[in-house]
Amino acid sequence: MRLAAIDIGSNAARLLISEVRPDDEGRSELTKLNLIRVPLRLGFDVFEKNEIGSKKIVMLMQTMKAFSFLLKAYEVKQVKACATSAMRDAVNGPDIIKQVKLETGIKINILNGDEEATMIYENHIAENLGREHAYLYIDVGGGSTELSFIADGKLRYKESVNIGTIRILKNMVDESMWDGFKAKVKTNIKSKLPVIAIGSGGNINKVFSLSKRKDGKPLSFELLKDYYKELSSFSLSERIRTYKMKDDRADVIVPALQIYVNVMRWAGIEEIYVPKIGLADGLIQKLYEEIQNKK
């Protein structure tokens, strides 16, 4: 059985296609077949004009039609499609969602911030890392940052904050917003056990790739600070050339690192694991669990 998830974010849209296969012990597991990313950058319209412009609507419709064809080509049985911060804030978001449903048959649900944080947690990465630590999921997107705090194997706190990479680039995050974010982290991320971060999103994945660390090994807070200083010192064109980055990654990676470094500093976290998961992975995990529960 093949399942799919579509994540329409503020910076990019992603289609993840996975197959349910039995593992060596006869239990079902999800195997990733394909991940397609399209840099729609809806947030650049929405966070400035409060709506998605006509050019971006055309790009989104073309992307969703392409995703629809791929779902058929892969013979996907069920799909879960969600949109996050940009579509949440766009005044014409509901009309666009109706248009997508009409032209492709794909129903898009707009997640609120709380639901978005929960979907990231659906990956259950912390459950496999042991009870000797507490864990803070940090998912940095273009429009918002989601936090989920797990201690003693239980979800203790989740939060969505309207501080994201595109909002920072657009100078829409002022000092009072940073202060409010800091207060939330310091008040709620507390544990007798040492806290380890789990980072998700394309930017932290890119930093992990640059670090040449082996999969499963954490990045230190000091290394993240060094990357933030180093990448901040280059111009956009220098980043693209020196680090072989796409332009839609090179501009957002610096504000993303600013968020990760700040959250880790405020929470007193020394290490961050980067399991290369994101919202689409959480969506597909949730879809699979819903199917299992219906049996």
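D215 and K276 form a salt bridge, with their closest N and O atoms 3.8 Å apart; the term covers a side-chain nitrogen of Lys or Arg within 4 Å of a carboxyl oxygen of Asp or Glu. The two partners are 61 residues apart and link distant parts of the chain: D215 is in the loop between α8 (202-211) and β10, and K276 is in the loop between β11 and α13 (279-294). Helices (H or I, at least four residues) and strands (E, at least two) are DSSP runs, numbered from the N terminus.

D215 is exposed because its relative accessible area is 62%, while K276, at 38%, counts as partly exposed. Here buried means under 20% relative accessible area, exposed over 50%, and partly exposed in between (1.4 Å probe, protein chains only).

## About the model

This is a predicted model, in which local features need pLDDT of at least 70 and side-chain atom pairs count only at pLDDT 80 or more, while totals for chains, interfaces and linings use all residues. Residues are numbered from 1 along each chain as its sequence is written, and side-chain values use heavy atoms, leaving out hydrogens and water.

The structure holds 17 salt bridges. One of them joins E116 and R88 at 3.0 Å, N to O. This pair also links distant parts of the chain, with E116 in helix α5 (residues 113-121) and R88 in helix α3 (residues 85-89), 28 residues apart. E116 is buried at 5% relative accessibility, whereas R88 is partly exposed at 23%.

Another salt bridge brings together the side chains of R14 and D7 (3.9 Å, N to O). R14 is partly exposed, at 21%, and D7 is buried, at 7%.

## The sheet and its helix

Now to the strands: an open sheet of 6 strands runs in the order β8-β7-β6-β9-β11-β10, with mixed pairing. Two strands pair if DSSP finds at least two bridges between them. At the edges sit β8 (154-161) and β10 (219-220), each pairing on one side only. β10 runs antiparallel to β11 (residues 271-273), joined by 2 bridges, and L219 has I272 in β11 as its bridge partner.

## Around F234

F234 lies in the loop between α9 (221-232) and α10 (236-243) and is partly exposed, at 25% relative accessibility. Setting aside neighbours within four places in sequence, F234 is in contact (heavy atoms within 4.5 Å) with R239, T242 and Y243.
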